[in-house]
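Subject: Structure for you to look at

Hello,

Here is the structure I promised to pass on. My notes follow below it.

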Amino acid sequence: MSFSPDDVLSRLRALQDNATGPARYVLAFSGGLDSTVLLHALAATQTQHAVSLLAVHVDHQLHAESGAWASHCASVAATYGVPFEARQVEVAAGAGPEAAARDARYLALRACMHPDDWLLCAHHADDQAETLLLNLLRGSGPAGLAAMQSIRRFGPGWQVRPLLDTTRAELETFAQQQGLAWQEDPSNQDPRFDRNFLRRQVLPLISQRWPTAQERLVRSASLARDASDLLAELADLDLARCPAAPGRLRVQVLRELSASRRANLLRRACQLAALPAPPATRVAELGNSLLGARQDAEPVVRWRGAELRRYRDEIFLLPETGPANFDGASLGVSEPVPLGPGLGRLVLVDAGGPGIDPTLVSAGLVLRQRQGGEQIKLSGHAHTSKLKKLLQQDGVLPWRRDELPLVYAGDQLLAVADLWTDARCIVERGYAVKWLDRPAII
């Protein structure tokens, strides 16, 4: 088989039935062979697809030549008259270098996208075969063995891989015929990285014995995708019996399912909540620790990037958050105060009516964390109420209670986040507390 730009055009048109848009094509442009061919194909068919194009290069700053690579990419994009952006990222330490670089790259690419944009990635059939083998060696289930999807939700739009049916050899032949120039990342030769080891040493050996091995691996990934899709449909039927609120599961529903079906439901729920997939050990803890706990207990199961908590008769799927860091911060009208990773921001706004006395605001307000024993006087109440009792009565999630920002004027508690305001500080025209990007607290 041979490759042509029309192949990309046909594939993109076929995928339009599965998505909204495309508003734009945002190409992840590394400057390597694969993304260079894809950029060429998109530019060559610009008249036919009539979709505006943006090429984005992510500089991981891991090599001395990375700046030169970014310059090369800018030059290539300019040759085609394609708008270009370069983004520098810091690759976090701690996780595996490949995973950390990928996470940083996708975070930068997501930031470039507008609603209904399509992020185009140049993964090809060889990449698909490698991903299947890697996931098999990691002990993945059907979703992992399905390897990479041709299209999936990503950020405000979609991630699309139009080259998954094309081999690297086909791309290289086309690039040579067209006289294209691309750059080679020397790290792609380093056998210390799992993918490189498979690509350079394992797959060539397998192909010597089974010449059509790559084609069969790609076919197996496609069959695994069918099985994974069926499991997702089953999980969606089970999720329909849970509350409409995303990221919450009914304890009773989970108890009625078999262990396998419960695990399938949990993985699907995490996927829909954009949370990392739970490892098998954590899936087992769902049945052992959370479902078997007393109703008044507050068990938690954690894995990297996510956690499960139980409150009353529900299981909550939550993103990992950092500690609250607002204690002692000044609260004003114009500048929102960050409360901590995943906790949003707090600011004062004109209430347009009764609200916190502007005189108190002018004197300065401070945020504090809950210490215990706080009381507040609500409108229509003759006496003050204990904050602890209010939190229990309103069903504020236990793990959020100590993260609630309390607004003080000196030693006087004026407001509990945007939940309650002390009646004694309210005047006819004042300010209200607004919690931006508030996490679920009830």
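Alanine 147 sits in the loop between α7 (142-145) and β5 (151-154); helices here are DSSP runs of H or I with at least four residues, strands are runs of E with at least two, and both are numbered from the N terminus. Before the rest, the basis: this is a predicted model, in which local features need pLDDT of at least 70 and side-chain atom pairs count only at pLDDT 80 or more, while totals for chains, interfaces and linings use all residues. Residues are numbered from 1 along each chain as its sequence is written, and side-chain values use heavy atoms, with hydrogens and water left out.

Backbone

Alanine 147 has a positive phi near 60°, although it is a residue other than glycine. Alanine 147 counts as buried at 13% relative accessibility, where buried means under 20% relative accessible area, exposed over 50%, and partly exposed in between (1.4 Å probe, protein chains only). Alanine 50 is not a glycine either, and has a positive phi of about 55°. Alanine 50 is in the loop between α3 (46-49) and β2 (53-59), and is exposed, with a relative accessible area of 60%. The peptide bond from glycine 21 to proline 22 is cis, with omega near 10°. Proline 22 belongs to the loop between α1 and β1 (25-28).

Asparagine 135, in helix α6 (residues 125-137), is buried at 12% relative accessibility. Apart from neighbours within four places in sequence, asparagine 135 is in contact (heavy atoms within 4.5 Å) with Ser140, Gly144, Leu145 and Ala147.

In helix α1 (residues 5-15), the buried residues are Pro5, Val8, Leu9, Leu12 and Leu15. They lie on the same side of α1, because they cover an arc of only 130° around the axis, taken from the directions from the helix axis to the C-beta atoms.

Cysteines

The structure holds zero disulfides, a disulfide being a pair of cysteine sulfur atoms within 2.5 Å. For cysteine 73, the nearest cysteine sulfur is that of cysteine 112, 13 Å away. Cysteine 73 is buried with a relative accessible area of 0%, and cysteine 425 is buried with 2%.

Whole chain

The protein chain has 16 helices and 22 strands, and its C-alpha trace spans about 85 × 50 × 40 Å along its principal axes. Of its 442 residues, 46% are buried. Among contacts between residues at least 6 apart in sequence, 68% join residues at least 24 apart.

Regards
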